[in-house]
Amino acid sequence: MLRKVWAGTAVGLLALSLAACNNSDTGGDGGDAGSGNEPIVLGFSQVGAESGWRTANTTSIKESAAEAGIELKFDDAQGKQENQITAIRNFIQQKVDVIAFSPKVETGFETVLKEAKDAGIPVILTDRAVDTQDKTLYKSFLGSDFVKEGRLSGEWLVNEMKSATGDVNIVELQGTTGSAPANDRKKGFAEAIAKDPKLKVIASQSGDFTRAGGKQVMEQFVKANPKIDVLFAHNDDMGLGALEAITAAGKVPGKDIKIITIDAVKDGMQALADGKFNFIAECSPLLGPQLMELVKKVNKGESVPARIETQETTFTQEQAKAALPTRKY
Ligand code: GYE
């Protein structure tokens with residue numbers, strides 16, 4: 001219709017606008033996507049809703065897609081890798097323009113990533129990485145340095161315990177088994193505390209990044225180990241669940257047992273400000289805006305950095321008190 005109106009009067013203008021459409025399509029495979037006529041279609045496979053971090057991450061992705069004018073097909077895998085694989089296959093069938101996902105675990109995605117590549121659909125990893133030989137199976141990985149988060153947690157503890165005498169018994173609540181954040185946080189923490197031989201991890205088990213998991217595993221830890229000095233939890237939610245187990249065992253969290261966690265979501269920051277936690281290494285869930293920028297670029301066929309790292313900080317109890325009033329998630 002529009003073209004007919006323009007035909008007689010503004011042929012030059014029309015030619016220009018068509019040329020612009022063609023340009024923005026080069027390298028993409030999604031027809032008119034990004035041309036201004038049709039929105040880019042993004043298929044996003046989320047891990048689930050296991051934690052406060054995840055909820056904030058989902059909100060960030062949905063809001064940013066709407067703001068960027070990107071049509072989002074969102075799938076919640078409810079904590080199951082097989083659901084993520086099915087969702088990605090569905091996105092391929094639907095011929096979305098770009099696929100992004102937060103892989104539950106590091107292994108087992110190679111085949112479906114190959115299928116996306118063969119279909120010419122670019123993939124962006126967000127939050128968690130995969131462990132594939134072939135690095136051309138995805139365009140970029142946007143997320144945190146989990147090893148660093150573990151290391152910063154361990155370094156804080158080394159300093160905190162520098163004048164302590166005797167063994168410092170640490171229990172560790174790991175995240176989801178096989179996930180990048182669980183593997184990497186464990187590694188970074190172990191590296192940092194290796195500097196002081198009196199710091200000993202006496203028990204380490206997965207609480208699956210959930211409050212219920214944290215509570216349950218901490219109950220076992222306190223039953224089996226009469227002397228626990230420190231809890232290192234791979235996320236706030238497991239630390240919050242563990243608080244109940246610690247209190248039920250007649251111990252004072254933050255004092256009898258020092259607690260270090262990762263994420264810095266609001267509930268975690270509140271526990272830190274209240275003196276129940278002692279230290280949090282931040283992990284930002286607000287990946288939406290950067291993801292949408294990446295989506296636009298890969299859709300145009302532009303090259304993007306293979307790795308984009310999220311900027312993060314750490315919090316002590318005093319810093320949590322100061323940050324809490326303006327904390328958004
Ligand atoms: O730390 C945890 C969530 O992958 C970084 O997953 C994310 C982690 C986050 O369940 O709370």
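# A guided look at strands, helices and rings

Guide: Strand 8, helix 9 (residues 236-248) and strand 9 form a β-α-β unit that is right-handed; helices (H or I, at least four residues) and strands (E, at least two) are DSSP runs, numbered from the N terminus. Right-handed means that, with the strands pointing away from the viewer, the path from the first strand over the helix to the second runs clockwise. This is a predicted model, in which local features need pLDDT of at least 70 and side-chain atom pairs count only at pLDDT 80 or more, while totals for chains, interfaces and linings use all residues. Residues are numbered from 1 along each chain as its sequence is written, and side-chain values use heavy atoms, with hydrogens and water left out.

Visitor: How many bridges join strand 8 to strand 9?

Guide: Three bridges join them, and the two strands run parallel; two strands pair if DSSP finds at least two bridges between them. Leu 231 stands opposite Ile 259 in strand 9.

Visitor: And which residues of strand 8 are buried on its two faces?

Guide: Val 230 and Phe 232 are buried on one side, and Leu 231 and Ala 233 on the other. Buried means under 20% relative accessible area, exposed over 50%, and partly exposed in between (1.4 Å probe, protein chains only). In a regular strand the side chains alternate between the two faces of the sheet.

Visitor: Changing topic, what is the strand order in the open sheet of six strands?

Guide: The order is 2-1-3-4-5-11, with parallel pairing. Strand 2 (71-76) and strand 11 (307-309) each have a single partner strand, so one side of each is left without a neighbour in the sheet.

Visitor: Which residue is the bridge partner of Ser 45 in strand 2?

Guide: That partner is Asp 75. Strand 1 (residues 41-46) and strand 2 pair in the parallel sense over six bridges.

Visitor: How many aromatic pairs does the structure hold?

Guide: There are four. One of them joins Trp 156 and Phe 279, stacked at 5.1 Å centre to centre with 10° between the planes. Rings of Phe, Tyr and Trp (its six-membered ring) pair if their centres lie within 6.5 Å; planes under 30 degrees apart count as stacked, over 60 as edge-to-face and the rest as tilted.

Visitor: Where in the chain are Trp 156 and Phe 279?

Guide: Trp 156 is in helix 6 (residues 146-160) and Phe 279 in strand 10 (residues 279-282), 123 residues apart. Both Trp 156 and Phe 279 are buried.

Visitor: Is Glu 149 buried or exposed?

Guide: Glu 149 counts as buried, at 3% relative accessibility. Glu 149 also belongs to helix 6.
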